[in-house]
Amino acid sequence: MKESRPLGALSGVRILDFTAHAAGPQATLLLAYMGAEVIKVESSLYLDTFRREAAEVLGSKRAGLSWFNPLNANKLGITLNLKTDAGIEIAKRLARISDVAVDNFRAGVMNKLGLGYPVLKEVKPDIIMVSSSSHGATGPESDYSGFAVTMGPLSGLSHLTGYPGGPPTILRHSMDLRAGTAAAFAILAALIHWRRTGEGQFIDLSQREALSCGAAESIMDYTMNSRIRSRNGNHDEKMAPHNCYRCQGEDKWISIAVSTDEEWQALCQSAGHPEWARQEKFRDQLSRWQNQDELDRLIERWTSSHTHYQVMEILQREGVAAMPSFSNEELFNNPHLRERETFVPVPHPEEGELVVLAPPWKLSRTPGQVHQAAPLLGQHTEYIFRELLGMSQNEIARLIEKKVIY
Amino acid sequence: MPKSILTGVKVLEYSQMVAGPYCARLLADLGAEVVKIEKPGVGDMARSRSPFLHDNADPETSGLFLYLNANKLSITLDTQTEAGKAIFLKLVKECDILVIDQSPQAMQEQGLHYQALKQLNPGLIMTSITPFGQTGPYRDYKAYPLNVFHSGGEGYLTPGGMENMARPPLKAADYLGEYDSGLNAAVASLAALYWREATNEGQFIDISKQESVMAVNRVDMVRLAYDGAVINRAKQGVPYGGMLPCKDGEYTIFVTWEPVQWQRLVAFMGHPEWTDDEMFKEHGSRAKNGEMLNALLTEWLSEHTREELYHKGQAAGVPFGVVCNAKDLVNSDHFKARESFMEIEHPRTGAVKYPSTPYRFSGTPCKVTRPAPLLGEHNEEIYLKRLGYSSNELSRLKEAGII
């Protein structure tokens, strides 16, 4: 597309995107934020669940867009029925003019469709293909299905999350998005290799493995000491206080973490409780840690009579790490994030302006730009089929009629 | 011999604990040479964090440190001294990517900001990772991993499905938000490197850890702007199914998002009579009667082990999972078949299994060529061979506590 925009690092790279739900779309979103041209291939036959179900689950069309839109901004949308031979042929034509193909189907699905790496490599010898599946392309569980809710437990992260002595807990969308970020990393690495050597390659990504890297230290404890770590709430192995404390207002909390004696002294002074600092049982890190339950009660008595913003300001002024446990509402209205323009409104063809998150990095030379909302279903038919593939209006009409563009 | 992607790329890591070192480790696995700067005497703070081999608090055997720093070289350097700073600038001059986790204030005070460093090295990619980024009112606020995670909005949503709202929001695992930040920084660094391949232009990268956590929660983070909804941990569960107890005091996990998955689950359970009840006919009614439904499901689940449910449930077309702990992961047949853990030999710990990389490149496999370095292990190699100091000079710098 031609209008001039702030430079993106991946300007000129084209990505053929077969992904749906969240893990795949997060990967291609990050690349689209860098200026890559991402062509999202959908079909009315099997709509992206985030497009199809969100409105029902969240109660309105607009609310439903909060799932699809922030994950698919900056992308172009077409429909293509991959259950028809003609649809597969068109997908190959698109692969021929793309640099990267991405899918997050269950392992093996692209092969079955006739769009596996050997096929795409034949039409585009230097193509980079990334298959991001729940369990990876090999191994006895490779054809098992997974969702964000099941990937938290399968990766070892749910086991480590919860109150001490309580059950493991459910982790949701973020599981998919973490795996998607790892996929974006792998694609960028392959793009650098491609730029240096002209060689493409295939990348098998296991979402479960990507997530289990976030539990590395607990895995190392097992492989080194045969110890199975479990849930420890908000506690730390050394620091105390190290918890989330109730503040004034409904469901308002502040997280406070103290490592050094200087921080502890500063906390006591600024909280107006210099007598805590004089107590032998809170004298050093170890004694604070040993008496942390008592410490937590004292601190919560103090925080309860302040707002979390007050506690944050009082403690940060003196160099003590204290941050509210922010809700989505507080973050949206937060002055720090306002100044950093973390939330960006983008024009949407049907809903006026819709907000998405800005890229989670600021690149000084190639900032990129969030320039458009997620595509409507098939919104870019004209550009992709006519301009890129050179089809005639008649041909396109025929393909629509035959439910190939569908 | 398969090539490495980042062969010849030099990374200077002036970071500690998890986020910055994880970023550099990800680049090292692609073949970059990473030189890690540690504080003389104590080194990276992660060296003092568990797990330690046999619980013996030796700074060379922290599993956290060993994992995050495999494939790197370590030098010691006190950048607070004039001589130390001069050496640091020499290192910056010849690196491609600097990964730095100093606060904006500290960078200004030490004169280590991008404007100054790019004079020395115009092609420099400088990746700064701080809790709240380079700008905005919180830019110099302090945050440990706990504060990062809560400030990024995911703590407020954790634990999902919480019924007792009197209990506080929680962090997930120990350093999850730090790993997010490191990965995010590595993604941005590769983008900058891709750009540099064509243009030779460097740039400054501002990574906020808070925004890194928000970025993997983007769907929930923007919600207010769509329909005004405020989300909390009570609203993050699943209406029925989800994580439920099964046989032997273990937990199973499954979802039936699709109607067909529910039908398969009913068949998998052998079609118990209660599933015909009107209350459980539609997704909507099942959600409304979720509590009663889960009680009935639990009754059936409690007769089956989690492994049985996982494998037979998957065979029946229902997305079951297992709540794995570290032992389950390491001993998983699936992970074994994929070689998801790799053994790394280290002089102090012997051979230990580490998590491998989650992506398998067909043409340029990731490689681990060396274990995490001992503190200052590569002082001689870098200072003598690379920077051309003499042995005498090196001894003097050591005596002065600069190295």
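In what sense do strand β5 and strand β6 of chain A pair, and over how many bridges?

## Strand pairing in chain A

Strand β5 (residues 128-133) and strand β6 (residues 201-206) of chain A pair in the parallel sense, over six bridges. Two strands pair if DSSP finds at least two bridges between them. Strands are DSSP runs of E with at least two residues, helices are runs of H or I with at least four residues, and both are numbered from the N terminus. Within this pair, S131(A) has D204(A) in β6(A) as its bridge partner.

## Basis of the model

This is a predicted model, in which local features need pLDDT of at least 70 and side-chain atom pairs count only at pLDDT 80 or more, while totals for chains, interfaces and linings use all residues. Residues are numbered from 1 along each chain as its sequence is written, and chains are lettered from A and ligands numbered from 1 in the order in which they are written.

## A sheet with strands from both chains

The strands β5(A) and β6(A) belong to an open sheet of seven strands with mixed pairing, in the order β3(A)-β2(A)-β1(A)-β4(A)-β5(A)-β6(A)-β12(B). Its edge strands, each pairing on one side only, are β3 (76-79) of chain A and β12 (359-361) of chain B.

Strand β12 (residues 362-363) of chain A also pairs with the other chain: two bridges join it to strand β6 (residues 203-208) of chain B, and the two strands run antiparallel. There, K362(A) has D206(B) in β6(B) as its bridge partner.

## Helix packing between the chains

Helix α9 (residues 173-197) of chain A packs against helix α7 (residues 176-199) of chain B at an angle of about 20°, with their axes 9 Å apart. Axes are lines fitted to C-alpha atoms, for helices over the stretch in contact, and angles run from 0 to 180 degrees between N-to-C directions. The angle therefore makes α9(A) roughly parallel to α7(B), a term for angles under 35 degrees.

The contact of α9(A) with α7(B) comprises 15 nonpolar, two polar and five charged residues. Ala, Val, Leu, Ile, Met, Phe, Trp, Tyr, Cys and Pro count as nonpolar, Asp, Glu, Lys and Arg as charged, and the others, Gly among them, as polar.

## The interface as a whole

In total, 123 residues of chain B are in contact with 122 residues of chain A; contact requires C-beta atoms, placed from the backbone, to lie within 7 Å. On the side of chain B that touches chain A, α7(B) gives the most, with 16 residues. By class, that side has 72 nonpolar, 31 polar and 20 charged residues.

Conventions
Parallel < 35°, antiparallel > 145°, perpendicular 65-115°, else oblique. Contact = placed C-beta atoms within 7 Å.
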